[in-house]
Amino acid sequence: MTPIMRPFVRPFALGAFAAGLFVFVSESAAVPMSVGGGGAVLPDDARHGEPVAPQGWQVEGNPDLIRAWRAPGGDALAIAGDVVLERQVTVPQLPEEARASEWAGWVGVGVEGVVGQGDGWVRLELVDGEGRVRASQEVLSNRAATEAVRARWVVEDGGASLPNHPARHLVDGDSSTEWRTESGRNHPHHLVFDFGEEKMIEGFRYVLPSGTDGLIREWEVCVSEDGENWEPLADGVFSYQLSTVGEREARFERVVGARYVRWTTNGAYLNSSEARAALLEPMFAEVEPEPDVNPAHTAWVRLEPSDLGDLVGSNLTLRVRHVRGRPIVLGSARGYVLHRRPTEAQLGRANGNNGPDKIGAGALGFDALTEHGQTVFTIMDVRSNSPASGAGLRQGDVVTAVNGRPMRPANLWAGWDWFYYSHEAVLGRAVLEAAEKPSPAVVLTVLRQDEEETLTLNLGNRPMLGAGFPYDGEGTAALYEDLIQYVVNDQHDNGSWRNDRLKTSLAGLGLLGTRDTSHRRRIRNAVDWLLERHPDPTQETGLAFWGIGHMGTFLAEYHLATGDRRVVPWIESAMAWLPTVAHMSSFGYMGLGHGPAYLPYDNKGLVAPAAHLAVMHALGEQFGLQSDFWSVMWPYFEDTWSNSETGGHGGLGYNASMRDRDEFWARSGLMASALNISGQRHDMQAGLTRIMRLRHPWMRNSHAYGEPGGAWGMMTLAGVAPSRYREVMEDWAWSFALSWEPGYGLRYSTPHMGSPYMGEDELINPAYLAVLSVRHRGLWITGARDRGWMRGGASPQQRESLLDRLDEPDESGLVSIVQVVGIGEGNENAMPQGAAARMSPVPAAEGHGYPVSWILDFGAEVEVHGLEIAFDATHGQPAELALRNGLPEGMWDEPVADLTLRSAVGSVAVPLSPPVRSRRFLLESGGGHLGEGNPSRLVAVRLMSPPGESASPSDSETGHIVEAAGP
């Protein structure tokens, strides 16, 4: 999709020192940039520590004093003596609407440190066309520069590599680069590794590139002491039957000491003549830790707003001069034109472009704006009474480092680089690390004028996510309660959430997943609103299938929990109608689009909304509904799946012509859930959940809606593959730790695709409330398989709480005890002398009325032949009664008795044939009331005698009167 460019709202300048580029760029103004020079700063054959002629730079002074430096974060230069480096910088033309006072310019150069021990100084200058220095700054460095573990490794390829894909990419630690041989140049391809000294090696790790061309299949490894005479060590074959994503390992039968290792590729997947690899890294028996990838600090030089206005559209010279002391190692450098009061108006639309994005740092109390390619981010707003406000952070601050560590250039595209090194990830991991400290805090380094300042954001004693997430721990429980409270507070009086079907369906699912029956009224009100606003699914138009999928899933889960028959006709109608509005696709089978009108994308359709509908259908099957949906749609689903058993990646594609690995997350999880609930295609379930585990950094890249697509995939993964769900959520703990504002809920951050047009905080809080329902298997899509629990039952936590408070009045002042009369000594089901069964009303949400339910607990398992129930004649009685047997963990079985009363009789007998042996029962009344008064007042409950026996009157004793409020 084409990015939407907005005038003067993306004012960030980009450039690269280490990449041989330096330029101010104002992308939002879409002004063509003039860049002098180009190419990499170091030639591919440059050896670490040896003299080098940097590419794209003018050099003054002795060139032998410029050395190549392979730093952990990328290529760098070590300069000494009188060396001066220069190159041209173009200041962008700012939009006419912009005022110079709204902008400021900075140039920052990463300082890796000094060579050896001691101090070194470097000066940065910006010089105009007349030779005047417009800005300058001198910087001291006294930390020894580190070199990459791989810095002294040499990889030779015999000339087979493409110029832009050299062999050194195999060991650069960056999976976004790759080694690639020339097309048509047949196997074998030889790679010789020289580690500079003997290393104890036990194998190689092969990280696969994207796509399937050139994947290494057959390999052989030899070792040598001198690089000339070779001894065979191992060989093998990589398999691609299950997946073409991730990585492979080539382990040797023994650990061997060697300086020189030769890797030979004898064949590739699908008989490709070329060979490719993202990484081919040696696995050492003793691992040498990789130094920090970030520079020690950043040297900054600033253009005043007045100078920036004068220099718009002109060229400057960046001059980097070694002043004195030890040789100094310089890494990446970038220039920025930054708006001094950034707002959300500057955010990009996250439908596949590269931002700018919003970071909702709820834990820290601010929102920030992050830009693709930048090493800094800016503060948009600071919330009062937060760690940020307490530290003095303010709008317009430019954050250059987190916990003293400068940041790498932000990559806003989904993937592993974003997952580990984006500004959002850096902040989130800092918050997660702070949780383990006695005094949790995050330190930000910010630019103000020419100087950097450090601000300490103290997190205090608030709950923090830590060990146990996503199931256990104080922090997890507190986050869950915040999500519940957010959703409860956000419901409108009409029962909806924001008068929106998707939000209402997600919120309803979230509250349903809590298994807290105090939310019964809220959930029922949501159902009422949905049925009133969308009474007939067959009349839906436009983007109908998305809404029907969300709403139908919620209504089906609601019916499984309550047995409420009102929603069944809607679901049944939708299931029957959907196959009739499928269209013949260009692939020769039926498919669905966004709605019933037509198939989009040249009659190819798209699978995501159909995957939502498959979940609704699978749930409907659980209470007896059937349709032609599976038979009509199955060819489409099967052909869209990238079959992992035939070399595919395992995910569900966009359609059969685009089995992509980038937007697969939500649709793959939904399809896995539908198959799991309906009990079919376990092979397909395994492939779908496997790619979700392997490529979870693409979670928020889910099709066109990012979120709640990420949440949909996560909750369905929980129901199908709980162990994989736990692993993924543990990996994502940093995201939740950052976005969670204790006492509020989650703060929204821009996903990689979609979502801003659907909602922000009000969207993600109910979505992740539904996800965390997996803590107690609250929904069928998160793993539950019981029914009817909300027909009157309480959650295990509520039930235990009630039983602990039986002798105390509840919040309305009502006593919660009824003695149940025993049958007498000698009978099989006689209760112990003086014992009384406990009866508690199910917690009510608000108001009074039917249904009204009571939990009857005998304290021990007894055989029940029936109950006699007496009501206070002055208060009427229910028109319907149901008795349900208690199951483990506070669940309730289908009714063992179900009566409809025609008139007020004062008392009623509920016989059970055959008798039921149990400890707990649920007595549920509903259907309105007979006679005067509402609600009913229960007077007594008596166990019925077995056939042919009668109770002794002396054993009869009426207990306390109970009045229970309905939901």
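Buried residues make up 59% of the 967 residues in this protein, and the model you are looking at is a predicted one. Here are some exercises to work through with the structure open.

**Exercise 1: The overall picture**

Work out how many helices and strands the protein has, and what share of its contacts between residues at least 6 apart in sequence join residues at least 24 apart.

*Solution.* Start with the secondary structure: it comes to 19 helices and 37 strands. Then turn to the contacts. Taking those between residues at least 6 apart in sequence, 72% link residues at least 24 apart.

**Exercise 2: The nonpolar cores**

Find which residues touch the most other members of the largest nonpolar core, and which helix gives the most to this core.

*Solution.* Step one: the largest nonpolar core has 150 residues, and Phe366 and Phe637 touch the most other members. Step two: helix 8, spanning residues 544-562, gives the most, with 11 residues. Step three: look beyond this core, and you will find a second, separate one of 35 residues, with Val111, Leu126, Ala135 and Leu311 among them.

Now zoom in on Phe637. Setting aside neighbours within four places in sequence, Phe637 is in contact with Val607, Ala610, Ala611 and Ala614, as well as Phe629, Trp630, Leu652, Met671 and Met684.

**Exercise 3: The largest cavity**

Describe the largest cavity: how much space lies in it, and which residues lie nearest its centre?

*Solution.* First, the structure holds six cavities of 30 Å³ or more. The largest cavity contains about 150 Å³ of space. Next, count the lining: 14 residues, of which Arg700, Glu707, Ser735, Ser739 and Tyr768 lie nearest the centre. Sorted by class, the lining has seven nonpolar, three polar and four charged residues. Finally, ask where the lining comes from. Helix 17 (733-739) and helix 18 (761-772) each supply at least two residues, and the largest share, three residues, belongs to helix 17.

**Exercise 4: The partners of strand 17**

Take strand 17 (residues 315-325) and determine how many bridges join strand 4 to it and over how many bridges strand 6 pairs with it.

*Solution.* Begin with strand 4 (residues 84-90): seven bridges join it to strand 17, and the two run antiparallel. To locate this pairing, find Gln88, which stands opposite Thr317 in strand 17. Then move to strand 6 (residues 120-127), which pairs with strand 17 in the antiparallel sense over eight bridges. Here, Arg123 has Arg321 of strand 17 as its bridge partner.

A point to keep in mind while viewing: in a regular strand, side chains alternate between the two faces of the sheet.

Key. Residues numbered from 1 in each chain as written. Predicted model: local features only at pLDDT ≥ 70, side-chain atom pairs only at ≥ 80, totals over all residues. Heavy atoms only, no water. Core = buried A, V, L, I, M, F, W, Y, C linked by side-chain atoms within 4.5 Å. Buried < 20%, exposed > 50% of the residue type's maximum accessible area, 1.4 Å probe, protein only. Helix = DSSP H or I, 4+ residues; strand = E, 2+ residues; numbered from the N terminus. Contact = heavy atoms within 4.5 Å. 1 Å grid on protein atoms, 1.4 Å probe; cavity = no way out; pocket = protein on both sides within 12 Å on 5 of 7 lines; lining within 4 Å. Points joined across faces, edges and corners; volume = space filled by probe spheres on them. Nonpolar A, V, L, I, M, F, W, Y, C, P; charged D, E, K, R; others polar. Pairing = 2+ DSSP bridges.
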